[in-house]
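Keep the viewer open as you read.

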Amino acid sequence: MAKKTNEEKKPDFNITGMRVANVRKLSDTVIAFSLLGNGLGLYNLKVVNGSKGKFVATPQTKGKDGSWYDQYAVYFADEDQAKIIKKVESMIEDEPADIPF
């Protein structure tokens with residue numbers, strides 16, 4: 001039996017037909033959003049502008065041991081991740097600065 005390694009290629013999630021929704025800016029470096037598709041909703045995803053560039057992060061919870069754990073894992077192809085980031089950022093830029101009550 002072949003031993004699995006962390007370097008093993010994960011299958012890429014196909015974003016065809018999915019849409020970005022519920023976009024909200026949390027800070028200067030984090031934008032939260034949902035990715036919705038036919039029968040599937042991935043909520044509380046985040047575009048993070050980290051030290052190595054922008055990436056899509058899944059939601060995390062803090063364990064009793066003080067460490068942070070992903071609630072689920074999604075593996076995007078690099079080109080799909082770039083499309084998601086571009087779309088999320090464009091939706092923030094299109095958002096009005098003031099929303100009247």
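What follows goes from the overall layout to the sheet, the core and a few individual residues.

## Ground rules

This is a predicted model, so to speak of local features a pLDDT of at least 70 is needed, side-chain atom pairs count only at pLDDT 80 or more, and totals for chains, interfaces and linings use all residues. Residues are numbered from 1 along each chain as its sequence is written, and side-chain values use heavy atoms, with hydrogens and water left out.

## The overall layout

The protein chain has 1 helix and 6 strands. Both kinds of element are DSSP runs numbered from the N terminus: helices are H or I with at least four residues, strands are E with at least two. Starting at the N terminus, the order is β-β-β-β-β-β-α.

Of the 101 residues in the protein chain, 29% are buried. Here buried means under 20% relative accessible area, exposed means over 50%, and partly exposed is in between (1.4 Å probe, protein chains only). The chain exposes about 7,900 Å², and carbon and sulfur atoms supply 51% of that. Those areas come from the Shrake-Rupley method with a 1.4 Å probe, and for residues only the protein chains shown count as cover.

What about contacts, meaning heavy atoms within 4.5 Å? Taking those between residues at least 6 apart in sequence, 32% join residues at least 24 apart.

## The four-stranded sheet

Four strands make an open sheet in the order β1-β2-β3-β4, paired antiparallel. Because β1 (19-25) and β4 (53-57) are the edge strands, each with a single partner, one side of each has no neighbour in the sheet. On average, neighbouring strands here are turned by 25 degrees against each other, direction ignored. For that angle, axes are lines fitted to C-alpha atoms (for helices over the stretch in contact), and angles run from 0 to 180 degrees between N-to-C directions.

Strands count as paired if DSSP finds at least two bridges between them. β1 and β2 (residues 30-37) run antiparallel and are joined by 5 bridges. To find your way along this pair, look for alanine 21, which stands opposite serine 34 in β2.

## The nonpolar core

A nonpolar core is a set of buried Ala, Val, Leu, Ile, Met, Phe, Trp, Tyr and Cys residues joined through side-chain atoms within 4.5 Å. The largest one has 17 residues, and Val23, Phe33, Leu35, Val56, Phe76, Ile84 and Val88 touch the most other members. Two or more residues each come from β1, β2, β3 (40-50) and α1 (78-94). The largest share, 4 residues, belongs to α1. As background, nonpolar side chains in soluble globular proteins tend to be buried together.

## One salt bridge

How many salt bridges does the structure hold? There is 1, with the term meaning a side-chain nitrogen of Lys or Arg within 4 Å of a carboxyl oxygen of Asp or Glu. The partners are glutamate 89 and lysine 54, whose closest N and O atoms are 2.6 Å apart. Glutamate 89 sits in helix α1 and lysine 54 in strand β4, so the pair ties together parts that are 35 residues apart in sequence. Both ends are partly exposed: glutamate 89 has 22% relative accessibility, and lysine 54 has 41%.

## Two asparagines with positive phi

Most residues other than glycine have a negative phi. Asparagine 22, in strand β1, has a positive phi near 55 degrees. Asparagine 44, in strand β3, has a positive phi near 60 degrees. Asparagine 22 is partly exposed at 47% relative accessible area, and asparagine 44 is partly exposed at 37%.

Valine 48 lies in strand β3 and is buried, with a relative accessible area of 17%. Setting aside neighbours within four places in sequence, valine 48 contacts Thr29, Gly53, Lys54, Phe55 and Ala57. From valine 48 to aspartate 28 is 20 residues in sequence and 9.3 Å in space, C-alpha to C-alpha.

Aspartate 12 is in the segment before β1, and at 41% relative accessibility is partly exposed. Residues up to four places away not counted, aspartate 12 touches Tyr75, Phe76 and Ala77.

Technical notes. Contact means heavy atoms within 4.5 Å.
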